[in-house]
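Dear colleague,

Here is the structure I said I would pass on. My notes on what turned up follow below it.

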Amino acid sequence: MEKKSLLSKDGVSYLVPFILITACFALWGFANDITNPMVKAFSKIFRTSVTDGALVQVAFYGGYFAMALPAAMFIRKFSYKAGILLGLGLYAFGALLFYPAKMTGAYYPFLLAYFILTCGLSFLETSANPYILSMGPEETATRRLNLAQSFNPMGSLLGMYVAMTFIQARLNPLDTAGRKALTDAEFAAVRDSDLSILIGPYLLIGLVIFAMFLLIRFTKMPTSHDQSHTINLVPTLKRIFSIPRYREGVVAQFFYIGVQIMCWTFIIQYGTRLFMSQGMDEKAAEVLSQKYNILAMVIFCFSRFICTFLLRYLNPGKLLLILAVAGGAFTVGTILFRNILGMYCLVATSGCMSLMFPTIYGIALEGLGDDAKFGAAGLIMAILGGSVLPPLQAAIIDRGELFGMPAVNLSFVLPLICFAVVALYGFRTRELKA
């Protein structure tokens, strides 16, 4: 009975579409978390600062922002399935562009490839999230989205494993300083070798995405029962942004994405500084840091399933508030501790973050009906937080030391602020039924 009420609506079963679309959640999780360690990798390969390396995140999450509204308009005009297919096509194309980018030997073509790839991810998320919400009764929508999102970190874990095993561990061990000492010819040889290693997983995932495109293309999937395909962009946006729960949800999502990307991206810098201070060489410190990053994602994954279960008994806003406060407390530990306890606290924040994206999403879109397509676009545009906030943290890290503390520790003041914003949203929506 529970399964039927969760994945059926108006006598139509959504089980097969739910499985296929949930697989897409894992696929974009892979893209997100194979990319986070690339900030450090590109900084080394191209001898850039941490700030310049963080341009990877600017390009990556900038694509989400740029394409969210066009995606919503496309989906409104056509269908969720059409949006998902276009998203998969752009995802595959962007991944395969890594080969010509490697042939140029330059940094910026990779940023263009990332941007195109994430334009595809923007279409995917703008389509898939509200589609999952629509696959059953509205009263179980938040639980349904949390269940689907539970498979996202599985793809993330695979992305982290591939980044650690098939990219980071195989890159030339020369650190940034050593590379700067090379002649131009020597540096070009090392760079080209490293780029050949880096692009392999992206080319493979491009082929996998193309196969998924064909599978969904030739699978019959129920269409959403929209009342209208007319695009009235400005009146619709005015209408949905007049709802405080939605408007504040977009702000909370911006800061949540920021805290997630900062904690998962700069755990490498945090761990590298910590382990090198204990006498470890840079490459070994990076590999060990990535193992802690994978541990964080394992905790995130298990916590997502646990929180999905807890939503049967707890109000989403209240649970969001509790976890945001806990996340803030762990971030304080990350800042203050200069030993392994700080790393433990940083890893523990992932358990607190697991619930946040789908729960904010579900609360914000509750009751929007056909306007959920444009509402979803606003929430996907909020992913811009992953583009804006990490470079600010990187700029702090590049300072080396501030106020007598390691700058990488102090930089986690920014994630602390983000948790405070999410906690406020949880507090303001704690009495809403979703």
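Domain 1 and domain 2 bury about 5000 Å² between them, and 71% of that area lies on carbon and sulfur atoms. Please keep in mind that this is a predicted model. The chain is split into domain 1, residues 10-221, and domain 2, residues 231-433. Their centres, taken over C-alpha atoms, are 19 Å apart. On the domain 1 side 54 residues make contact, and they meet 55 residues of domain 2.

Specific polar pairs across the interface come next. The rule finds one salt bridge between the two domains. A salt bridge links Glu286 to Lys44, with 3.4 Å between the closest N and O atoms. The rule also finds three residue pairs in polar contact across the interface of domain 1 and domain 2, with both residues of each pair at pLDDT 80 or more.

As for the side of domain 1 that touches domain 2, the helices that each supply at least two residues are α3 (38-45), α4 (50-53), α5 (55-77), α8 (108-133), α9 (141-149) and α10 (152-167). Of these, α5 gives the most, with 13 residues. Sorted by class, this side of domain 1 has 29 nonpolar, 15 polar and ten charged residues.

Which class has 29 residues on the side of domain 1 that touches domain 2? The nonpolar class does. For the interface as a whole, 71% of the buried area is on carbon and sulfur atoms.

Regards

Terms used: Residues numbered from 1 in each chain as written. Predicted model: local features only at pLDDT ≥ 70, side-chain atom pairs only at ≥ 80, totals over all residues. Heavy atoms only, no water. Domains from an automatic or database assignment. Contact = heavy atoms within 4.5 Å. Buried area = accessible area lost by both parts, 1.4 Å probe. Salt bridge = Lys/Arg side-chain N within 4 Å of Asp/Glu carboxyl O. Polar contact = N/O pair within 3.5 Å; in protein donor to acceptor, adjacent residues only side chain to side chain. Helix = DSSP H or I, 4+ residues; strand = E, 2+ residues; numbered from the N terminus. Nonpolar A, V, L, I, M, F, W, Y, C, P; charged D, E, K, R; others polar.
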